[in-house]
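Take a look at the structure below. Then follow its sheet, its rings and one loop in turn.

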Amino acid sequence: PSNVVIDMSKTKVQRTDDEWRRLLNPRQFQVARKQGTEPPFQNEYWDNHEDGVYFSLCSDTPLFDSRDKFESGTGWPSFTRPIEPEFVGVTRDTSHGMTRDEVHCSVDGAHLGHVFPDGPAPTGLRFCINSASLRFMARAEYNAWVSARSR
């Protein structure tokens, strides 16, 4: 886990560790709530090529669009940008003898992964994200989800 401290008092979705443990499986809890990392190439979405949207596992927050996903070769799903920048917080992480920018969901505080300045155009960014922090919604289901919330 990283050494980043996220100010959970600013998140809209707040639960205790016991509540999160009941809602998430052990890997999801370790990654999303305890800032762990899942193994590369051994996670649900690294090789997902379906059209749709990736949500935070811990809330109804759409984070990344599959249209911004690219093959980074790292073994984790990688994106050039979030759907809405305000949904993704960035905090400096200096754990493990490295300096990186950790990303988390601003709505629920879930640890997502890290962002690096070595991605493709148009942003030059690589949001390297743990599948264990995400849930995928196919495009047709997402469009219906948006429509239902727009009424």
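Is Phe64 buried or exposed? Phe64 has 0% relative accessibility, so Phe64 counts as buried. The cut-offs are these: buried means under 20% relative accessible area, exposed means over 50%, and partly exposed lies in between, with a 1.4 Å probe and protein chains only.

A word on the source. This is a predicted model, where local features need pLDDT of at least 70, side-chain atom pairs count only at pLDDT 80 or more, and totals for chains, interfaces and linings use all residues. Residues are numbered from 1 along each chain as its sequence is written, and side-chain values use heavy atoms, with hydrogens and water left out.

Start with the sheet. Helices (H or I, at least four residues) and strands (E, at least two) are DSSP runs, numbered from the N terminus. Two strands pair if DSSP finds at least two bridges between them. Six strands form an open sheet in the order 3-4-8-7-6-5, and the pairing is antiparallel. Strand 3 (69-70) and strand 5 (88-93) are the edge strands, so named because each pairs on one side only. Strand 4 (residues 78-79) and strand 8 (residues 126-129) run antiparallel and are joined by two bridges. Ser78 has Cys128 in strand 8 as its bridge partner.

Now the rings. Rings of Phe, Tyr and Trp (its six-membered ring) pair if their centres lie within 6.5 Å; planes under 30 degrees apart count as stacked, over 60 as edge-to-face and the rest as tilted. The structure holds ten aromatic pairs. In one of them, the ring centres of Phe55 and Trp145 are 4.9 Å apart and the planes stand at 85°, so this pair is edge-to-face. Phe55 belongs to strand 1 (residues 52-56) and Trp145 to helix 3 (residues 139-149), so the pair ties together parts 90 residues apart in sequence. Both Phe55 and Trp145 are buried.

Phe64 and Phe127 make a tilted pair, with 5.8 Å centre to centre and 50° between the planes. Phe64 is in strand 2 (residues 62-65) and Phe127 in strand 8, 63 residues apart. Phe127 has a relative accessible area of 6%, so Phe127 is buried. Ring pairs also link Phe64 and Phe127 into a cluster with Tyr45, Tyr54, Phe79 and Phe136.

Charges meet rings too. A charge sits over a ring if NZ of Lys or CZ of Arg is within 6 Å of the ring centre and within 35 degrees of the ring normal. Arg135 lies over the face of Phe55, 4.5 Å from the ring centre.

Last, the loop. Gly109 lies between strand 6 (100-105) and strand 7 (111-116). Its relative accessibility is 2%, so Gly109 counts as buried.
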